[in-house]
Amino acid sequence: MNRQPAAWLFLAPAAIVLGVFFLVPVIGALVLSLTDYDLYALADLHNLRFVAFDNYWALLHRPLFWRALWHTVYFVVVAVPLSIAVSLCTALLLHSPLARCKPFFRTALFAPVVTTVVAVAVVWRYLFNTKYGLVNDMLGGIGIHPVDWLGDPHWAMPAIILFAVWKNFGYNMIILLAGLQAIPADFYEAARIDGASAWQQFRHITLPMLAPILLMVGILTVSGYFQLFAEPYVITEGGPLESTVSVLYLMYNEGFKWWNLGSASAIAFLLFAIMFVVTACMLRFGRRESEA
Amino acid sequence: MNPRIAKALINGLLIGATIIALFPLLWMLSVSLMYPGEASALPPPLLPTHATLHNYRELFARAGMGRYLLNSLSVSAAITVLSLALNIMAGYAFAKLRFAGCNTLFKAVMGMLAIPAQVAMLPLFLMLKPIGLVNNYGGVIVPAMASAFGIFLVRQYARGIPDELLEAARIDGAGELRIFARIVLPLLKPIMVTLAIYTFLTAWNDFMWPLIVLTGQEHYTLPLGLASLAREHAQDAELMMAGSVITVVPVLVLFLALQRYYLEGLLLGSVKG
């Protein structure tokens with residue numbers, strides 16, 4: 001019996017939407033990045049010129065692009081390990097047979113994940129307030145001088161990192177918790193009989209068994225964190241002194257504030273290329289480690 | 001280590017982590033009930049001296065919060081309903097209907113997961129402009145009507161439907177549409193709930209694309225309205241906290257009511273296919 005027509009009937013609507021509103025624009029972005037599409041072209045398409053790799057070349061010579069890339073890399077390199085460490089610690093706590101009220105703790109720790117980034121970013125902006133913010137108030141309680149979190153270019157990115165860790169750790173916590181629950185209990189039993197300490201059990205059973213999940217979580221978190229945008233948009237507006245301008249923030253300004261759509265597309269593609277290379281390397285490295 | 005000390009330590013750490021996770025949300029609620037200016041005092045107050053709904057009234061009466069709320073609700077609901085229908089059909093087709101090019105097409109859809117959505121945003125804006133979907137709810141809804149992730153999730157789940165069940169119906173002469181409506185849909189109910197919550201939350205919390213495509217205030221969703229209020233009313237902590245409460249509470253309530261489905265979906269989506 002021929003089931004082809006039915007299959008295509010079921011597939012067509014989704015395929016058309018994804019094709020027209022995602023695949024075509026992605027290819028369009030590549031083409032756009034090779035043109036000088038700007039405000040003049042927006043007014044009249046006759047002003048559009050093909051410029052080959054000029055946009056990319058110009059970006060690589062633009063200090064602001066390198067700074068935005070550096071800020072983004074800084075965010076990824078610090079916030080990803082920190083997030084995963086917090087996720088792993090809370091997952092281990094939740095997994096412990098000694099923990100009480102597990103469903104309550106799990107739900108409470110996960111709550112920040114479902115909140116709206118913009119809304120909680122607004123909340124944290126006030127918590128980070130130099131004078132009236134509770135973050136400084138609590139630091140003052142243990143004798144630390146007030147930090148100008150959002151006004152000092154050195155502290156604005158750490159503030160955003162703290163916010164991102166708070167907002168996101170619950171997601172990976174749930175995935176890692178499921179990973180911990182999948183490790184057979186007899187492994188620990190055998191280790192205990194052999195006299196292994198809690199740390200040795202963690203180091204030689206938990207970590208290796210969790211490695212594939214940690215790798216996946218790491219890759220997903222890295223690609224998510226490279227797309228930093230709403231946090232600096234709301235908390236710092238890219239400042240102070242452009243110290244929290246991320247690559248996507250730059251793309252947004254370039255494209256929709258200054259209407260340099262050609263150059264903005266080149267930024268988007270460079271970010272995509274960087275993300276691709278980084279995650280591919282992680283995958284490669286992770287696979288080799290697990291084979292060794 | 002003494003088991004009693006270990007138990008106290010583990011539960012103590014869990015309580016500490018929970019306080020950190022929930023404190024900003026509780027503080028937001030508390031400050032939203034304070035009178036204007038009350039939160040800017042030393043030492044910073046934790047609870048309002050006299051709770052008031054003044055900020056909420058102000059937001060709905062003057063700042064157009066009612067409109068933003070309605071926009072968010074209708075846009076997120078439309079995206080949820082439409083994308084649910086499209087993703088379920090496609091996910092089922094990938095899982096259960098063998099057709100030429102099935103695997104290649106599925107790989108292409110999975111490949112899309114690796115491409116960050118922002119790459120498509122600039123050309124998409126230019127494409128939607130001439131057809132009148134810029135500054136129109138349609139500009140947010142239409143591109144979100146199908147998602148590679150949703151299709152993947154449904155396929156994972158639908159693979160569990162036994163082929164014998166479908167074959168038996170075919171032998172009885174049922175058409176493919178009838179099989180889908182009568183047999184497949186009821187079996188997919190759990191994943192439909194999961195996908196619906198997931199899609200609704202994602203649509204509700206979405207920021208960058210709506211910010212680009214909804215250019216007029218009358219079309220703003222809550223996150224956009226809130227971000228623009230935050231730039232105008234930077235000093236009004238109490239007012240902004242009330243705005244954040246209105247934005248966050250609907251999704252938190254939805255999550256609390258249906259968290260089992262949400263967390264199951266999260267795990268299903270993260271297992272490699």
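Biologist: In chain A, what share of the contacts with a separation of 6 or more comes from residues 24 or more positions apart?
Modeller: The share is 68% in chain A, where contact means C-beta atoms, placed from the backbone, within 7 Å. This is a predicted model: local features need pLDDT of at least 70 and side-chain atom pairs count only at pLDDT 80 or more, while totals for chains, interfaces and linings use all residues. Residues are numbered from 1 along each chain as its sequence is written, and chains are lettered from A and ligands numbered from 1 in the order in which they are written.

Biologist: What is the secondary structure of chain A?
Modeller: Chain A has 13 helices and 0 strands. These are DSSP runs numbered from the N terminus, H or I of at least four residues for helices and E of at least two for strands.

Biologist: And how many of its residues are buried?
Modeller: 40% of the 292 residues of chain A. Buried is 20 or more other C-beta atoms within 10 Å of the residue's own, exposed is 12 or fewer, and partly exposed is in between, with C-beta atoms placed from the backbone. The C-alpha atoms of chain A fill a box of roughly 80 × 75 × 35 Å along the principal axes.

Biologist: Helix 4 of chain A next. Where is its kink?
Modeller: At A:Ala79, about 25°, shortly before the proline A:Pro81. The bend is the angle between axes fitted to the seven residues ending at a residue and the seven starting there.

Biologist: At what angle does helix 4 pack with helix 10 of chain A?
Modeller: Helix 4 (residues 63-95) and helix 10 (residues 198-226) of chain A pack at about 145°, with axes 9 Å apart. Axes are lines fitted to C-alpha atoms, for helices over the stretch in contact, and angles run from 0 to 180 degrees between N-to-C directions.

Biologist: Which residues meet there?
Modeller: From helix 4 of chain A they include A:Phe75, A:Ala79 and A:Ile84, and from helix 10 of chain A they include A:Val217, A:Thr221 and A:Phe226. The residues of this contact divide into 9 nonpolar, 4 polar and no charged. Ala, Val, Leu, Ile, Met, Phe, Trp, Tyr, Cys and Pro count as nonpolar, Asp, Glu, Lys and Arg as charged, and the others, Gly among them, as polar.

Biologist: Switching to A:Leu261: buried or exposed?
Modeller: A:Leu261 counts as buried because it has 25 C-beta neighbours inside 10 Å. The residue is found in helix 13 (residues 261-291) of chain A.

Biologist: What does A:Leu261 touch?
Modeller: Leaving out residues up to four places away in sequence, its contacts include A:Tyr37, A:Asp38, B:Leu122 and B:Leu126. The C-alpha atoms of A:Leu261 and A:Tyr37 are separated by 5.4 Å, although the two are 224 residues apart along the chain.

Biologist: How many residues does each chain put into the contact between chains A and B?
Modeller: Chain B gives 72 and chain A gives 66. The chain B side has 58 nonpolar, 10 polar and 4 charged residues.

Technical notes
Two residues are in contact if their C-beta atoms, placed from the backbone, lie within 7 Å.
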